[in-house]
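Trainee: Could we go through the charged pairs in this one together?
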Amino acid sequence: MATGTVLETVTLEEARRVIDAAAGKASEIGQPMDIAVVDAGGNLKSHVRMDGANIGSITIAINKAYTAIAFQCETSDLQGMTRPDGPIYGLNDAHGGRLVVFPGGIPLVRDGSIVGAIGVSTGSIEQDQLVAEAGAAAFAGVMVA
């Protein structure tokens, strides 16, 4: 067996804390959500589909989290650049169509390193972003109103 350590990533306990905070915000605004957390490699760590959330949004939430870790930015940051007149138009077709280039995906940062990401889907893009921000803030230890 090889010796060494695995790249530090989001723990299951942290993923649950992120999901709990995001689900709390979703309940507060009255919009059930699909909420996913991926690890540093973009692999699914945890997912919750709240009662009433869209089944079709499961994959979108997971892919928003994947996109945020793959490009080390919020998915909302990719919106303008991927429009038809943008410099990376067509990016959403890369990775077998797995990339999502609208709000709701946010990297999770610990001590200056991205160690995972959250992805949220089912509401409007504004609601998805708000709920993802609540989850990311809980990871960072910040309280969000």
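This is a predicted model: local features need pLDDT of at least 70, side-chain atom pairs count only at pLDDT 80 or more; totals for chains, interfaces and linings use all residues.

Trainee: How many salt bridges does a search of the whole structure find?
Mentor: The search finds three, where a salt bridge is a side-chain nitrogen of Lys or Arg within 4 Å of a carboxyl oxygen of Asp or Glu.

Trainee: Which residue does Arg-110 pair with?
Mentor: Its partner is Glu-14, with the closest N and O atoms 2.5 Å apart. Arg-110 is in strand S3 (residues 105-110) and Glu-14 in helix H1 (residues 12-29), 96 residues apart; helices (H or I, at least four residues) and strands (E, at least two) are DSSP runs, numbered from the N terminus.

Trainee: And Lys-64, what does its side chain meet?
Mentor: It meets Asp-128 in a salt bridge of 2.9 Å, N to O. Lys-64 belongs to helix H2 (residues 57-71) and Asp-128 to helix H4 (residues 125-140), so the pair ties together parts 64 residues apart in sequence.

Trainee: Are Lys-25 and Glu-28 buried or exposed?
Mentor: Lys-25 is buried, at 6% relative accessible area, whereas Glu-28 is exposed, at 57%; buried means under 20% relative accessible area, exposed over 50%, and partly exposed in between (1.4 Å probe, protein chains only). Both lie in helix H1, three residues apart.

Key
Residues are numbered from 1 along each chain as its sequence is written. Side-chain values use heavy atoms; hydrogens and water are left out.
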